[in-house]
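Biologist: Please take a close look at one part of this protein for me. I would like to hear about the nonpolar core, and then about the charged groups.

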Amino acid sequence: MKKIYYLIFCILIIFTTGCNKNTQKFTLDKKYYNTGEFIKVKSDDLLKLDNENYILYAYNNYCAFAIPCENVFKEFMSKYKIDFLSITFDEFKNTKFYKEIKYAPSIIIIKEGKIVTYLDPNSDNDFEKYQDADKLGEWIKNYVKVSESE
């Protein structure tokens, strides 16, 4: 009998924690649907954007990927006319986001000043998103509306 209660308890935990994730797409702030450019920012600038929705690119001064990831990101940005904020990783270390994200380059999707998700350069699961603009786009489209028709 205890096994049945334990099983029911486990099922309830799974449904209450795993099934209630809010994966609704959201729109970026209107000013980021623009020309598809990088907008350079400093850590102080990000403090002023606490209620905004945007995509942040934290980068190193070098790229170890076969195809420079910046080129892949630019291809996506140009196609959808979405601007990314960009920040050097040294400057990024001065932000509240550094507590969670310890490596660059990274694309970070931010909603109302909070991290929704990000690319991890040390993850094999994220590798293709750094090397293929279409794969990057598929990933971003899981979270962000890239056009008004979505």
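Modeller: What follows starts with the chain as a whole, goes on to the core, and ends with the charges. Keep in mind that this is a predicted model.

The protein chain has six helices and five strands. From the N terminus on, their order is α-β-α-β-α-β-α-β-β-α-α. Of the 150 residues in the protein chain, 37% are buried.

Now the core. The largest nonpolar core holds 39 residues. Leu46, Tyr54, Leu56, Phe73, Phe84, Phe92 and Ile140 have the most contacts inside it. Which elements give two or more residues to this core? They are strand 2 (54–59), helix 3 (69–80), strand 3 (84–88), helix 4 (89–92), strand 4 (106–111) and helix 6. Strand 2 gives the most, with six residues.

Leu46 deserves a stop. Its place is in helix 2 (residues 43–47). Leu46 counts as buried because its relative accessibility is 6%, and buried means under 20%. Leu46 and Leu56 are ten residues apart along the chain, and 9.7 Å separates their C-alpha atoms.

Next, the salt bridges. The structure holds six. One of them joins Asp50 and Lys96, with the closest N and O atoms 2.7 Å apart. Asp50 sits in the loop between helix 2 and strand 2, and Lys96 in the loop between helix 4 and strand 4, so this pair ties together parts that are 46 residues apart in sequence. Asp50 is partly exposed, at 35% relative accessibility. Lys96 is also partly exposed, with a relative accessible area of 43%.

Another salt bridge links the side chains of Asp90 and Lys93, at 3.9 Å from N to O. Asp90 counts as exposed because its relative accessibility is 57%, and the cut-off is over 50%. Lys93, at 40%, is partly exposed.

Lys129 and Asp126 form a salt bridge too, at 3.2 Å from N to O. Are these two residues buried or exposed? Both Lys129 and Asp126 are buried.

Last, the surface. Glu75, Glu128, Asp132 and Glu138 gather there in a patch of negative charge. Glu138 lies in helix 6 (residues 133–141). With a relative accessible area of 48%, Glu138 is partly exposed. Helix 6 is also among the elements that give two or more residues to the core.

Technical notes
Residues are numbered from 1 along each chain as its sequence is written. This is a predicted model: local features need pLDDT of at least 70, side-chain atom pairs count only at pLDDT 80 or more; totals for chains, interfaces and linings use all residues. Side-chain values use heavy atoms; hydrogens and water are left out. Patches are made of residues with over 30% relative accessible area and no salt bridge: like charges are joined within 9 Å, nonpolar side chains (Val, Leu, Ile, Met, Phe, Trp, Tyr) within 5 Å. Accessible areas come from the Shrake-Rupley method with a 1.4 Å probe; for residues, only the protein chains shown count as cover. A salt bridge is a side-chain nitrogen of Lys or Arg within 4 Å of a carboxyl oxygen of Asp or Glu. Lys and Arg count as positive and Asp and Glu as negative; His and the chain ends are not counted. The place of a charge is taken as NZ of Lys, CZ of Arg, CG of Asp or CD of Glu. Helices (H or I, at least four residues) and strands (E, at least two) are DSSP runs, numbered from the N terminus. Buried means under 20% relative accessible area, exposed over 50%, partly exposed in between (1.4 Å probe, protein chains only). A nonpolar core is a set of buried Ala, Val, Leu, Ile, Met, Phe, Trp, Tyr and Cys residues joined through side-chain atoms within 4.5 Å.
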